[in-house]
Amino acid sequence: MTLPRHVIVCGAGVIGASVAYFLSRRGVAVTVIERTGVACAASGKSGGFIALDWCDNSALGPLARASFALHAELAREIANDYGYRRMDTYMLAAREHGTVPGGHRVPAPRWINGGAVVAGALGSTDTTAQVHPARFTQALLDGALSRGSSLRMGGVEGVIQRDGTACGVQVDGEAVHADAVVLAMGPWTGRAAGRLALPRIEGLKGYSVTLAAADVPAHALFMDYRMAGGRALEPEIIPRPDGEVYVCGMADPQPLPESAEGVEVSETACAVLARAAGRVSTGLAAATITRRQACYRPVTEDGLPLIGRIPNVKGAYVATGHGPWGMLNAPATGLALAELIADGAATSVDLRPFDPARLPAAGR
């Protein structure tokens with residue numbers, strides 16, 4: 001097998017950046033093509049929470065375990081500080097008004113002094129950690145650029161084929177040629193695939209806010225939160241080393257817009273998230289909202305990502321559909337796909353559960 005000398009990666013989110021990083025480590029020149037901006041969608045607006053064993057009861061288990069270990073390796077390997085640290089993780093119960101009966105089920109950290117009850121421990125510094133998602137994505141991309149890769153801004157309009165082989169992409173009306181093409185554009189991947197036999201990729205919308213709150217320790221919180229009208233929500237609260245606290249957890253069925261620039265933010269949904277965080281502690285209740293955000297996570301019909309060769313077209317690959325675990329599983333996805341492209345087979349992770357050919361192609 002001939003080593004591809006030049007690979008185009010479509011998408012500068014965390015998955016595309018990871019593929020570019022690991023290809024560049026193998027001496028492959030990479031051109032990353034991005035329409036809007038690095039980490040402009042879910043990769044820049046996620047919590048950055050990662051866990052060793054939370055996927056153990058699914059086909060994602062081996063990928064997640066390999067990726068959790070790679071995160072620790074990358075934190076030592078990459079000079080950029082992107083907020084990697086281990087965390088303790090707790091399950092909380094709270095109500096919009098009043099308190100949950102019974103009090104704390106396990107010893108509660110002192111800073112949790114609001115109306116929330118600590119129901120249990122979900123993880124320790126051995127099993128849960130975090131990164132700042134946008135900074136981690138940029139660090140991976142910077143690593144690829146430092147090894148000779150390049151970033152080109154522009155909209156991918158389709159994959160160019162010659163005799164059943166992908167040989168480039170059309171970018172804003174211009175042909176950009178390469179030896180192989182990787183589609184890693186999150187929920188927009190299917191729109192760039194054209195007639196390629198890719199399964200359906202949907203976008204699941206959610207909201208988040210960031211709060212300015214000092215002295216919040218490295219404790220990730222997953223809440224069972226009941227609003228006054230009885231609606232149940234599951235907010236996630238992830239404090240970061242820089243004093244920022246990330247809160248997410250409001251789903252929305254709005255359809256996917258044409259690009260990340262068209263994502264709309266609901267002030268009402270963001271206000272609900274901030275109020276939920278305020279039930280945890282007096283510090284979070286007094287915190288200022290610094291950002292209100294929304295993004296679409298890419299999901300597939302069976303809940304597993306698409307990682308591998310695109311059927312019926314040589315030199316065409318896909319990496320998307322990671323749902324809520326994109327930040328966790330990006331390193332192992334990037335490494336395994338780099339192995340597949342450069343060596344013809346992935347050896348670090350078994351990619352068969354994520355083969356795009358397992359699902360019917362969209363529209364068929």
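Is Asp215 buried or exposed? Select Asp215 to find out: with a relative accessible area of 78%, this residue is exposed (buried means under 20% relative accessible area, exposed over 50%, partly exposed in between, using a 1.4 Å probe and protein chains only).

Before moving on, note that this is a predicted model, in which local features need pLDDT of at least 70 and side-chain atom pairs count only at pLDDT 80 or more, while totals for chains, interfaces and linings use all residues. Residues are numbered from 1 along each chain as its sequence is written, and side-chain values use heavy atoms, leaving out hydrogens and water.

**Stop 1: two loops**

Stay on Asp215, in the loop between strand 13 (201–212) and strand 14 (219–226); strands here are DSSP runs of E with at least two residues, and helices are runs of H or I with at least four, numbered from the N terminus. Asp215 is not a glycine, yet has a positive phi of about 60°. Now select Asp172, in the loop between strand 10 (165–171) and strand 11 (174–177). Asp172 also has a positive phi, about 50°, without being a glycine, and counts as exposed at 53% relative accessibility.

**Stop 2: strand 14**

Next, select strand 14. Six of its eight residues are buried, so strand 14 is largely enclosed by the rest of the structure. Which strand runs parallel to it? Strand 5 (residues 88–95) does, joined to strand 14 by eight bridges; two strands pair if DSSP finds at least two bridges between them. Show Ala94 to see it opposite Tyr225 in strand 14.

Strand 16 (residues 236–239) pairs with strand 14 in the antiparallel sense over two bridges, and Phe222 has Glu236 as its bridge partner there. Strand 15 (residues 232–233) is also antiparallel to strand 14, again over two bridges, with Arg226 partnered by Ala232. Strands 14 and 15 form a hairpin with five residues between them, and Gly230 in the turn has a positive phi of about 100°.

**Stop 3**

Move to the open sheet with strand order 3-7-4 and antiparallel pairing. Its edge strands, strand 3 (49–51) and strand 4 (85–86), each pair on one side only. Helix 3 (residues 61–77) packs on this sheet and touches strand 3, strand 4 and strand 7 (contact means heavy atoms within 4.5 Å). Two bridges join strand 4 to strand 7 (residues 128–130), and Arg86 has Ala129 as its bridge partner in strand 7.

**Last stop: Met153**

Finally, select Met153 in strand 8 (residues 150–153). Met153 is partly exposed, with a relative accessible area of 44%.

How values were computed:
Axes are lines fitted to C-alpha atoms, for helices over the stretch in contact, and angles run from 0 to 180 degrees between N-to-C directions.
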